[in-house]
Amino acid sequence: MASPGEETDHDFSSTNAEASFTNPTQASQLAKGDFILIKNHPCKIISKSTSKPGKHGHAKINFEALCLFTAKKYTDLHPAHATVEAPIVVRREYLLLDIEGGYLSLWDQAAGGALKDDVRVPKTDESGTRMAEMGELLGRLWGKEGEKDIMVTVLSAMGMEVVDGVKEVERG
């Protein structure tokens, strides 16, 4: 330990990589539509129920949520006062330029026209899932010849990305 007035060297070069992907949040502050980390999966809360406090305990919150990347349903139970991890989720919109080799070629106007070509085409074989819907819509719109551009919304969380929305817009 350094004495007062003595300088010390601190090494801040390494940190826990996962820490930068999440924020600590009180369980009672989360609501339907918010994001929560359940079993290391970034999930969107689809329902939240709170039990009354028992004779010797605290109120508990039961979360039901869907994984952003697999659409698998997860449940988790926490005391209302507990701190849980909420993933940092970024939503960005890109212009679709091409589809090649199972990947989308996207143009990011907000980043000065940077190209992005590492987002996978959503799988259409997972019937009934949001990803399948996005993949089918993307296939239909890409196959059309027309005067409209295709905008793709991409969610990023925990170092992964997934297509979350597809829409046609007028060229302009």
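Contact here means heavy atoms within 4.5 Å. The views come from a predicted model, in which local features need pLDDT of at least 70 and side-chain atom pairs count only at pLDDT 80 or more, while totals for chains, interfaces and linings use all residues. Residues are numbered from 1 along each chain as its sequence is written, and side-chain values use heavy atoms, with hydrogens and water left out.

**View A. Surroundings of Phe35.** Phe35 sits in strand S2, residues 35-38. Strands (E, at least two residues) and helices (H or I, at least four) are DSSP runs, numbered from the N terminus. Leaving aside residues up to four places away in sequence, Phe35 touches Leu30, Cys43, Lys44, Leu68, Ala86, Pro87 and Val89. Phe35 counts as buried because its relative accessibility is 18%. Buried means under 20% relative accessible area, exposed means over 50%, and partly exposed lies in between (1.4 Å probe, protein chains only). Ala86 is 51 residues from Phe35 along the chain, yet their C-alpha atoms are separated by 5.7 Å.

View B. Strand S4 (residues 60-67) pairs with strand S5 (residues 73-79) in the antiparallel sense, over 7 bridges. Two strands pair if DSSP finds at least two bridges between them. Lys73 in S5 stands opposite Leu66. The hairpin has 5 residues between the strands. Ala71 takes a positive phi there, near 65°.

View C. Five strands form an open sheet in the order S9-S8-S7-S10-S11, with antiparallel pairing. Strand S9 (114-120) and strand S11 (160-170) are the edge strands, each pairing on one side only. On average, neighbouring strands of this sheet are turned by 40° against each other, direction ignored. Axes are lines fitted to C-alpha atoms, for helices over the stretch in contact, and angles run from 0 to 180 degrees between N-to-C directions. Helix H1 (residues 130-143) packs on the sheet. H1 touches strand S7 (90-100), strand S8 (103-108), S10 and S11, and its direction makes about 40° with that of S11. Strand S10 (residues 148-157) pairs with S11 in the antiparallel sense over 10 bridges. Val152 stands opposite Val166 in S11.

View D. Side chains of opposite charge can pair when their charged atoms come close. A salt bridge is a side-chain nitrogen of Lys or Arg within 4 Å of a carboxyl oxygen of Asp or Glu. The whole structure holds 8 salt bridges. In one of them, the side chains of Asp164 and Arg91 meet at 2.7 Å, N to O. This pair links distant parts of the chain, with Asp164 in strand S11 and Arg91 in strand S7, 73 residues apart. Asp164 is buried at 16% relative accessible area, whereas Arg91 is partly exposed at 48%. Asp108 forms a salt bridge with Arg92, their closest N and O atoms being 2.8 Å apart. Asp108 lies in strand S8 and Arg92 in strand S7, so this pair ties together parts 16 residues apart in sequence. Asp108 is buried, with a relative accessible area of 6%. Arg92 is partly exposed, at 31%.

View E. The side chains of Lys148 and Glu170 meet in a salt bridge of 3.5 Å, N to O. Lys148 is in strand S10 and Glu170 in strand S11, 22 residues apart. Lys148 is partly exposed at 39% relative accessible area, and Glu170 is exposed at 58%. Salt bridges that share partners also join Lys116, Asp118 and Glu161 into one network.
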